[in-house]
Amino acid sequence: MDLSIIIPVYNTPIPVLRRCLSSVEAIVDVSFEVLLVDDGSKEETATFCDEYAATHPFIRCFHKKNGGVSSARNMGLEAAQGDYVLFVDGDDEVLADAFTMPLEGDLILYDALVQNGDTQKLVPTLSEAAPDRDTLLKKLVTTKALNTPWAKLYRTELLHKHSIRFLEHFVTGEDWMFVCDFVRICR
């Protein structure tokens, strides 16, 4: 399997979550599983997750006591079986043809289209096709272009081998630390 798509959910409005899951269902050209991690949501959201997973065999649903997005992502990482991990938030959408480039390398970067109200902004990650580790680390320290865990594919084998996880006790900066930890061990 190519991808494990980890989607943490905490009381995400059902229409928004349904839109996210529909966008994931439309992905072409790669095989994938969805790890839907309910982080202690209200019963309505938790029930929706269970019912949606019951009718979609590529979705596995997990429930946990509320511990924050980092602990939900970590639970998904423990269960990930794909060659790569992709983090998607419950209010995100994934473009169906996003994965047309070859899945090669330890870290694959994608541009993101960020919507704020009626405004959309393209957020490029890097202009280089295959940046080296030093370039990535410099970009992490000097810009905000790589601070988030989404719009990236991480080689699952390395995440497990090096026990790279989100720091659950951090209130802020845990996404940046996760990306830094991963980039540091990339080849």
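**Close-up views of a predicted fold**

The protein's secondary structure comes to six helices and eight strands. This is a predicted model. The legends below go from the whole chain to single contacts.

**View 1. Overall layout of the protein.** Starting at the N terminus, the elements follow the order β-α-β-α-β-α-β-β-β-β-α-β-α-α. The radius of gyration is 16 Å, close to the 16 Å that the globule rule gives for 187 residues, so the protein is as compact as a globular protein of that length. Along the principal axes, the C-alpha trace spans about 45 × 35 × 35 Å.

**View 2. The six-stranded open sheet.** The strand order is β3-β2-β1-β4-β8-β5, with mixed pairing. Strands β3 (59–64) and β5 (107–109) stand at the edges. Each has a single partner strand, so one side of each is left without a neighbour in the sheet. From one strand to the next, the twist averages 20 degrees. Helix α3 (residues 69–79) packs on this sheet. The strands that α3 touches are β1 (3–9), β2 (32–39), β3 and β4. The direction of α3 makes about 145 degrees with that of β2.

View 3. Strands of a sheet pair through backbone hydrogen bonds, either parallel or antiparallel. Here β4 (residues 84–87) and β8 (residues 152–155) pair in the antiparallel sense, over three bridges. Leu86 has Leu153 of β8 as its bridge partner. Val85 has Tyr154 of β8 as its bridge partner. The pairing of β5 with β8 is antiparallel too, over three bridges. There, Leu107 has Tyr154 of β8 as its bridge partner.

View 4. Strand β6 (residues 112–116) pairs with strand β7 (residues 119–123) in the antiparallel sense. Five bridges join this pair. Val114 stands opposite Lys121 of β7. Two residues lie between the strands of the hairpin. Gly117 takes a positive phi near 65 degrees.

**View 5. Helix α1 against helix α2.** Two packed helices are described by the angle between their axes and the distance between the axes. For α1 (residues 14–25) and α2 (residues 43–54), the axes come within 11 Å and cross at roughly 25 degrees. Angles under 35 degrees count as roughly parallel, and α1 and α2 are therefore roughly parallel to each other. The crossing in which α1 passes α2 is right-handed. From α1, the contact takes in Ile14, Leu17, Arg18, Leu21, Ser22 and Glu25. They meet Glu44, Phe48, Cys49 and Tyr52 of α2. By class, this contact of α1 with α2 has six nonpolar, one polar and three charged residues.

**View 6. Helix α4 against helix α6.** Helices α4 (residues 133–142) and α6 (residues 174–185) pack at an angle of about 165 degrees. Their axes are 10 Å apart. The angle makes α4 roughly antiparallel to α6, as angles over 145 degrees count as roughly antiparallel. The crossing of α4 and α6 is left-handed. Arg133, Leu136, Leu137 and Leu140 come from α4. They meet Trp176, Val179, Cys180, Val183 and Arg184 of α6. By class, the contact of α4 with α6 has seven nonpolar, no polar and two charged residues.

How values were computed. Residues numbered from 1 in each chain as written. Predicted model: local features only at pLDDT ≥ 70, side-chain atom pairs only at ≥ 80, totals over all residues. Heavy atoms only, no water. Pairing = 2+ DSSP bridges. Helix = DSSP H or I, 4+ residues; strand = E, 2+ residues; numbered from the N terminus. Axes fitted to C-alpha atoms, helices over the stretch in contact; angles between N-to-C directions. Contact = heavy atoms within 4.5 Å. Parallel < 35°, antiparallel > 145°, perpendicular 65-115°, else oblique. Left-handed = near helix turned anticlockwise from the far one by under 90°. Nonpolar A, V, L, I, M, F, W, Y, C, P; charged D, E, K, R; others polar. Rg over C-alpha atoms; globule rule 2.2 N^0.38 Å.
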